[in-house]
Amino acid sequence: MNVWLALAAALAAATTLIHVILGGREIAAPLLAAERLHAVPKFTMYYCWHLVTIVLAALALAFGLVATGLGSRDLALFATAGAALFCFWGLGMIVLFRLRVVHFPQWALFAAIAASGAIGLWQ
């Protein structure tokens, strides 16, 4: 068992739960309740919301498979790269759009996942 990749899997699973539970209440529900938003952008965003849910769960599965020896290291490399890119995009959006870091903490979750994955890949 690769402990670092198992940690990355646990962090990705926790991030998935945060996304579904907290984000569902604070982001997805208000999005669906927005009456002034036209149907196409509203439901496109809702569709993307669920794509993110699937990707987060897939990250947890990918790291879990590799941590237990049931998956290729290439899978962990792909998941680590994805988490790192999500982290960098989150930070980039904060800078680009002059957002408050406290309102967009997702980058930190992805940073922890990517760091654990990177360390696990060197084990």
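**Note on the pockets and a helix pair**

1. The largest pocket is lined by 27 residues, and His19, Trp49, Val52, Gln106 and Phe110 lie nearest its centre. A pocket here is an open set of points on a 1 Å grid over the protein atoms alone, where a 1.4 Å probe fits, with protein on both sides within 12 Å along at least five of seven lines; lining residues have an atom within 4 Å of a point.

2. This is a predicted model: local features need pLDDT of at least 70, side-chain atom pairs count only at pLDDT 80 or more, and totals for chains, interfaces and linings use all residues. Residues are numbered from 1 along each chain as its sequence is written, and side-chain values use heavy atoms, without hydrogens and water.

3. Helix 1, helix 2 (39-67), helix 3 (73-96) and helix 4 each give two or more residues to the lining of the largest pocket. Helices are DSSP runs (H or I, at least four residues), numbered from the N terminus. Helix 1 gives the largest share, eight residues.

4. The second largest pocket is lined by Val55, Ala58, Leu59, Ala62, Leu75, Phe78, Ala79, Gly82 and Phe86. Helix 2 and helix 3 each supply two or more of these. Helix 3 has the largest share, five residues.

5. Helix 1 (residues 3-33) and helix 4 (residues 106-121) pack at about 160 degrees, with axes 7 Å apart. Axes are lines fitted to C-alpha atoms over the stretch in contact, and angles run from 0 to 180 degrees between N-to-C directions. The two helices are therefore roughly antiparallel (over 145 degrees).

Notes:
Parallel < 35°, antiparallel > 145°, perpendicular 65-115°, else oblique.
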